[in-house]
Amino acid sequence: MAKYVIIGNSTAAIGCVEGIRSVDADGEIVLVSSEKHHTYSRPLISYLLEGKTDEERMKYRPDSFYADQRVTAKLGVEATKVDAEEKTVTLESGETISYEKLLVATGSTPFIPPMQGLETVKKAFTFMSLDDARALEGALTPESRVLIIGAGLIGLKCAEGIAERVQSITVVDMADRVLPSILDETGSDIVRAHLEKHGMTFYLNDTVASFDGNHAALKSGTALDFDVLVIAVGVRPAMSLVKEAGGEVRRGIAADNTGRTTLPDVFAAGDCAESFDISAGMNRVLALLPNAYMQGHTAGVNMAGGTASFENAIPMNAIGFMGLHIITAGTYDGETYTAKDGENYKILFYKDDLLKGYILIGNVARAGIYTALIRSRTPLSSIDFDLICEKPQLMAFTSSARRDLLSRKQ
Amino acid sequence: MKRVYVDEKWCLGCHLCEYYCAFANSGKSSMIKALKDRKINPRIQIEGDNHISFAVSCRHCTDPICVKSCIAGALSIKDGVVCIDKNKCVGCHTCVLVCPYGAIMPSDEGVMQKCELCIENADGKPACVQGCPNKAIIFEERE
């Protein structure tokens, strides 16, 4: 019987280990992962293909992590069943592990929509894991014409990662613009133009009607020849373990601010679980790394008998393509302040005396000052709004608020 | 643990802290070689107008959101000091997204840089503190 069992080995799982150990130095932790690798930074797979990191440097924690944290890591073995009444996890090997507290941090899996003729494509890949990245890399040559389905975060990061290693990149998306989940129309236009300048071709508002080997026929009638296909249309939270155990699942596993699911002693965190987005006032899956860590850490503290609550989750993203940085956060709702100068773009959304969200492209310096205004729900009437519109700066705060920030231990 | 604290009442806005920071982190032995004809990119930066000014650098928070958010595992806490492993950093700017003080910025090499309290240089006392002519930047333990 292990005191703690963690299913998963990525950000939320590591956050959970560190959360548990902040309260309980000794309780036995067993961590199970279907991936065989030491914990690694999943979003770094595009940087890996780009040559900006390598497998050694992209380890999310040092080699000694499991030993230092006294974690028994069972890597390369899949958990197939959770029995919430017997409080056991069954592994594909047939082994059964009992737990006192369980964290499900199973992440998400790539969604592959039904597409006619997909089975005739010999070189088709998804782009989620280190193994995915290595498999894709193995298929690339300097002559490769790559077709990417999906102009979202994953598809475009993949495109950036391989751009220098292939002949051409064509991106198809049914949405009418790139990165629709984090950008407004103006922002999308800037980013698309930037990527086009770097040689990428886009077919937006379009889908693949059918594949035939190395040929794709688009709904619009366009015919494309390609050598390598990457499917990056989206992901689905991996919730089956909790669902089959009788726990509530919605868009993601239903989990409260403490990480608890509807099953006793079962917690969930990361891309498989929902969070309460305070900027939108609703539960949603916030599939982003900082959120996964903070959810996982919170769950770990509570699993170990401490008290923690993750009260200020919001969507937030920092991403860049070919030297153009993008930082976004919150919900795009309310009145707006905008400023645009070439590729530099800023739009702030405010409502009910609160900053609700923002998009910065190009000049993203000190964006965290904006993020903190959203997360801490700072009344805009308490700061100098003109100064905060001009740029993120502590000058916008009152002298006494600044004293709290800069003259006190944080 | 000793941290850097600033008091805007005493700050002259002279920017000397920025120059001392850039010099201390340059790895050069001569201030002239380190700074002459270069645009400095210090880890402490002065904000302000003609009336008020103050220096901003990493607060070395006890529960740092940058460390929790770093997608590369490049930020960590060592003996209370929030440190960056430039070898692991890929320059994704997630720390810029979350730092409430705006105290992390790109280095000249593209990956990020931040104040590390001069633990590797300047004899263990931050160079900005030593260089401040009006004691507006203090290095001490506070609760």
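1. In chain A, strand β12 is joined by 4 bridges to strand β13, residues 215-218, and the two run antiparallel; strands here are DSSP runs of E of at least two residues, helices are runs of H or I of at least four residues, and both are numbered from the N terminus. Within this pairing, A:F211 has A:A216 in β13(A) as its bridge partner. Two strands are taken as paired if DSSP finds at least two bridges between them.

2. The model is a predicted one, in which local features need pLDDT of at least 70 and side-chain atom pairs count only at pLDDT 80 or more, whereas totals for chains, interfaces and linings use all residues. Residues are numbered from 1 along each chain as its sequence is written, while chains are lettered from A and ligands numbered from 1 in the order in which they are written.

3. The pairing in point 1 belongs to an open antiparallel sheet of 3 strands in chain A, with the order β12-β13-β14. Its edge strands, each pairing on one side only, are β12 (208-212) and β14 (223-225) of chain A. From one strand to the next the twist averages 20°, where axes are lines fitted to C-alpha atoms (for helices over the stretch in contact) and angles run from 0 to 180 degrees between N-to-C directions.

4. Chain A as a whole contains 11 helices and 24 strands. Its radius of gyration is 23 Å, close to the 22 Å that the globule rule gives for 410 residues, so chain A is as compact as a globular protein of that length; the radius is taken over C-alpha atoms, and the rule is 2.2 Å times the number of residues to the power 0.38. The C-alpha trace of chain A spans about 60 × 60 × 35 Å along its principal axes.

5. Of the 410 residues in chain A, 46% are buried, a residue being buried if 20 or more other C-beta atoms lie within 10 Å of its own, exposed if 12 or fewer, and partly exposed in between, with C-beta atoms placed from the backbone. Among the chain A contacts between residues at least 6 apart in sequence, 62% join residues at least 24 apart; a contact requires C-beta atoms, placed from the backbone, to lie within 7 Å.

6. A:N317, in strand β20 of chain A, is buried, with 21 other C-beta atoms within 10 Å. Leaving aside residues up to four places away in sequence, A:N317 touches A:I182, A:L288 and A:T328. A:L183 is 134 residues from A:N317 in sequence, yet their C-alpha atoms are 10 Å apart in space.

7. Chain A is divided into domain 1 (2-109 + 235-303), domain 2 (112-231) and domain 3 (323-406), with bounds from an automatic or database domain assignment. The C-alpha centres of domain 1 and domain 3 of chain A lie 32 Å apart.

8. For chain B, the assignment gives domain 1 (1-57 + 128-143) and domain 2 (60-114), and the C-alpha centres of these two domains of chain B lie 19 Å apart. Here 6 residues of domain 1 of chain B are in contact with 9 residues of domain 2 of chain B.

9. Between the chains, 42 residues of chain A are in contact with 34 residues of chain B. The elements giving two or more residues to the chain A side include β20 (316-321), β21 (324-330) and α11 (399-406) of chain A, while the largest share, 5 residues, comes from α8(A). The residues of this side divide into 23 nonpolar, 11 polar and 8 charged, where Ala, Val, Leu, Ile, Met, Phe, Trp, Tyr, Cys and Pro count as nonpolar, Asp, Glu, Lys and Arg as charged, and the others, Gly among them, as polar.

Notes: Contact = placed C-beta atoms within 7 Å.
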